[in-house]
Amino acid sequence: MPGAFDSTIKQLLKERPQDIVLWLITGAIFEHECSVELKNRNIFADALLAILVKGKRALLHIEFQSSKHAKMRERLMEYNVLASSQNDWVPVYTVVIYLRKTRSVPKSPFIRRLPNGEEVHRFHFRVIELWKIAAKDILQAGLPGLLPLLPLTDGGTQPETMEEMITTLVDKGETELLALGYAFGGLVRKNLAFTEWLKRRFAMLEDILEESWTYQEIVRKGMQKGIQQGLQQGLQQGLQQGREEERKQRVQEQHQTLISLIQMRFPELASLAKRRVPGIKDPEVLHDLISKIFAVQTTEEAKQALMEVQKAK
């Protein structure tokens, strides 16, 4: 699993293990985390949790994936058997959670046969594809620990959905979960309009988040990444590129973001956007307009926002 997802998902598990356990296994009770490294074997899991199910001991093995793994079923079965053997042979629930849309997701059960066709192994596991889960199902589950995953679900990047997540976590004082929701939102790919809105919305919550260790880590890593990217860009482009050139590039990117957003949400305004948007040269005006178009609900509201900014620019 890539580093960006790795640290974020592990932090979520530490914050709310019981919520994650209940989501995956009805009625289960979280006891404690187990070592994810198997003895005398160079095999690691993303998570191995000791749980109680109907008063009986069991283990929950979780793998988080953001891309295809050719031997995922074999890997899951191997870890399941070894984890059980090293923990008094208690039963092991195995779940693989795909965080991003992935082709060729493995199916359960995994069956192995001898050359003559005789079945020798049948291994059952559970697969969760987050992008197929409706955001409303996560919101209605009543488990705050699941809310940070909303940006990865079906409909989870809609402004009204994110606002419900934010309001719920703020009301409950769950600043760490709120910061994790921001972190997962930042990992959403190919949606520049959502990224613009996300940054703007969470900038309004800095007073609440300033005590959050998770949020401070996000800011720190973001600054480090920005410095590294800036150095690389400087080496590539040279000292001749001035602030005006950077400003022009930013405006062009905002033009593309705004036009793409309008085409996605209000396709009937696409032609109007292509004619008028290139005439807006102020990056701050463009930033505000992107946020407005992301938040409005009707075509008429979007058209009005577009026409008003044309008058004001």
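**Getting to know this predicted model**

Helix α2 (residues 17–24) is mostly covered, as six of its eight residues are buried.

Q: What makes residues of α2 count as buried, and which ones are they?
A: A residue is called buried if its relative accessible area is under 20%. In α2, P17, D19, I20, V21, W23 and L24 are buried, so each of them falls under that 20% cut-off.

Q: How much of the chain is buried?
A: Of the 313 residues in the chain, 45% are buried. The accessible surface comes to about 17700 Å², and carbon and sulfur atoms hold 49% of that surface.

Q: Why are helix α5 and helix α7 called roughly parallel?
A: The axes of α5 (residues 159–171) and α7 (residues 192–203) cross at roughly 30 degrees and come within 12 Å. Angles under 35 degrees count as roughly parallel, and therefore α5 and α7 are described that way. Their crossing is right-handed.

Q: Which residues make the contact between α5 and α7?
A: On α5 they are P159, M162, E163, M165 and I166, and on α7 they are F194, W197, L198, R201 and F202.

Q: What makes two residues of this contact charged?
A: Glu and Arg belong to the charged class, so E163 of α5 and R201 of α7 are the two charged residues. The contact also has eight nonpolar residues and no polar ones.

Q: How many helices and strands does the chain have?
A: There are 13 helices and seven strands.

Methods
Residues are numbered from 1 along each chain as its sequence is written. This is a predicted model: local features need pLDDT of at least 70, side-chain atom pairs count only at pLDDT 80 or more; totals for chains, interfaces and linings use all residues. Side-chain values use heavy atoms; hydrogens and water are left out. Axes are lines fitted to C-alpha atoms, for helices over the stretch in contact, and angles run from 0 to 180 degrees between N-to-C directions. Helices (H or I, at least four residues) and strands (E, at least two) are DSSP runs, numbered from the N terminus. Angles under 35 degrees count as roughly parallel, over 145 as roughly antiparallel, 65 to 115 as roughly perpendicular and the rest as oblique. A crossing is left-handed if the near helix is turned anticlockwise from the far one by less than a right angle, and right-handed if clockwise. Contact means heavy atoms within 4.5 Å. Buried means under 20% relative accessible area, exposed over 50%, partly exposed in between (1.4 Å probe, protein chains only). Accessible areas come from the Shrake-Rupley method with a 1.4 Å probe; for residues, only the protein chains shown count as cover.
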